[in-house]
Amino acid sequence: MPTSRPVIVDVGGVAVQLLTSEPELIYVLEGRFKKFLNPSAEPVFQFEITLVPDGTFDVDADLHVGGRQGHWIMQRGDFHAEWNVAERRGCIRQTLNPYAIDSVLRIVHTLVLAADGGFLLHASSAVRGGRAYLFTGPSGAGKSTIVGLAPHDVTVLTDEISYVKRCAEGYVAFGTPFAGERSELGEPASAPVSALFQLGRGIETRRDRLDEAETVQTLMRNILFFADDHDLTDRVLDTACDFAARVPAFRLHFAPDDRVWQTIQ
Amino acid sequence: MSAFVIRGERLAARKVGGEMVILSADDSSLFVLNEVGTAIWEAADGRTSLDAIADGVCREFDVDLETARRDISEFVTSLAGAGVVSLSEVERQ
């Protein structure tokens, strides 16, 4: 029997070790997470992955995350995973596609972040001058466009899913490998969050300050959170309120040209 | 006899800038209540009747009693349909 080979994926300083003996899957994982591989990191969690044939699960099944007392069960049409938080390990049965493990990692990080005062956000994000900026909004609002227009001195953390964690210096954004089929991987960089922008398309660039209530609403409409857990739901709302009190937020309408970056500071 | 309205249990709620932001733990649905809705939510303790809540809304906001009763009835029925509150004919002990 072939031995398992670890792939360590480090996002936001939380290293997750993925163990599989399937060469095809190792190839997929190393390609999917290439910028975020960190073989020397001490893993916080470990998942053993077993490949199953297509058709093993109900392909139409929606994502469901449930569990009690730190034992989470996550399932969808392309995977079934269990995770024991206290034992820091879990197992994943999945078909051979990169989106299954991508989804499991997103869920794991949302649960870890929810407990620690952070969140994953439907937002692009970028670093300029040592400060991070988050750009959120519904599909088509311009999240990918705005980072695509970024000048050369800007480091794109992600064009799809932002990772925000409460640290000693405040809220810090980290790069993520979580991307859709047409997206690029972000860079594995980080910086304190300087502002949140709620995007909208416009014929000219216009920036208006959001109040705290509007900021909380914007965050809550865009935070990724999957678990039907009352305590964690409470924590996520607390975090959104705390973020809104500490980080300035703006509604930003922009025409798709690079002058929009003159207003981002 | 006036009914009583009770806030749901599997919810997280925070008052931000005078508005109540409510998040459901069951499906992460988000509800945002304006000032009047927030006043009704805060009074929804299962012991304050809808009539008493309407009286309070009339005192606090510029609205007549008939309009307040009708609007509150529609509002709590809508929230009950979303699982955010429940209605009872019996006062909670």
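This is a predicted model: local features need pLDDT of at least 70, side-chain atom pairs count only at pLDDT 80 or more; totals for chains, interfaces and linings use all residues.
Biologist: How far apart do the C-alpha centres of domain 1 and domain 2 of chain A lie?

Modeller: Residues are numbered from 1 along each chain as its sequence is written, while chains are lettered from A and ligands numbered from 1 in the order in which they are written. The domain assignment, which is automatic or taken from a database, divides chain A into domain 1 (5–116) and domain 2 (119–263). The separation of their C-alpha centres is 24 Å.

Biologist: Which element supplies the largest share of the side of domain 1 of chain A that touches domain 2 of chain A?

Modeller: Residues are in contact if their C-beta atoms, placed from the backbone, lie within 7 Å; on this basis 19 residues of domain 1 of chain A meet 21 residues of domain 2 of chain A. Helices (H or I, at least four residues) and strands (E, at least two) are DSSP runs numbered from the N terminus. On the domain 1 side, S4 and helix H2 (98–116) of chain A are the elements that give two or more residues. The largest share, 10 residues, comes from H2(A).

Biologist: How many residues on that side of domain 1 of chain A are charged?

Modeller: Ala, Val, Leu, Ile, Met, Phe, Trp, Tyr, Cys and Pro count as nonpolar, Asp, Glu, Lys and Arg as charged, and the others, Gly among them, as polar. The side of domain 1 of chain A that touches domain 2 of chain A has 10 nonpolar and four polar residues, and the number of charged ones is five.

Biologist: How many residues on the side of chain A that touches chain B are charged?

Modeller: The contact between the chains draws 16 residues from chain A and 13 residues from chain B. Helix H4 (212–222) and H5 of chain A each provide at least two residues of the chain A side. That side holds seven nonpolar and three polar residues, and its charged residues number six.

Biologist: Which strands stand at the edges of the sheet of chain B?

Modeller: This open sheet of three strands has the order S2-S3-S4 with antiparallel pairing, two strands being paired if DSSP finds at least two bridges between them. Two of the strands each have a single partner, so one side of each lacks a neighbour in the sheet; these are S2(B) (11–16) and S4(B) (30–33).

Biologist: Which residue of S3(B) stands opposite Arg14(B)?

Modeller: Strands of a sheet pair through backbone hydrogen bonds, either parallel or antiparallel. S2(B) and S3(B) (residues 19–24) are joined in the antiparallel sense over six bridges. Within S3(B), the residue opposite Arg14(B) is Val21(B).

Biologist: What angle does the direction of helix H1(B) make with that of S3(B)?

Modeller: Axes are lines fitted to C-alpha atoms, for helices over the stretch in contact, and angles run from 0 to 180 degrees between N-to-C directions. Helix H5 (residues 230–246) of chain A packs on the sheet, touching S2 and S3 of chain B, at about 20° to S2(B). Helix H1 (residues 35–43) of chain B touches S2, S3 and S4 of chain B, and its direction makes with that of S3(B) an angle of about 60°.

Biologist: Which strands stand at the edges of the seven-stranded sheet of chain A?

Modeller: The order of this open sheet is S1-S2-S3-S7-S6-S5-S4, and its pairing is mixed. Each edge strand has a single partner, so one side is left without a neighbour in the sheet; the edge strands are S1(A) (5–11) and S4(A) (64–68).

Biologist: Is Arg88(A) buried or exposed, or partly exposed?

Modeller: Arg88(A) lies in the loop between S6 (79–84) and S7 (89–94) of chain A, and its phi is positive, near 60°. Most residues other than glycine have a negative phi. A residue is buried if 20 or more other C-beta atoms, placed from the backbone, lie within 10 Å of its own, exposed if 12 or fewer, and partly exposed in between. With 13 such atoms, Arg88(A) is partly exposed.

Biologist: In which element of chain A is confidence lowest?

Modeller: The mean pLDDT of chain A is 91, with 97% of its residues at 70 or more. Confidence in chain A is highest in strand S9 (residues 131–136), at 98, whereas the lowest mean, 82, belongs to S4(A).

Note on methods
Two residues are in contact if their C-beta atoms, placed from the backbone, lie within 7 Å. pLDDT is the predictor's confidence in each residue, from 0 to 100.
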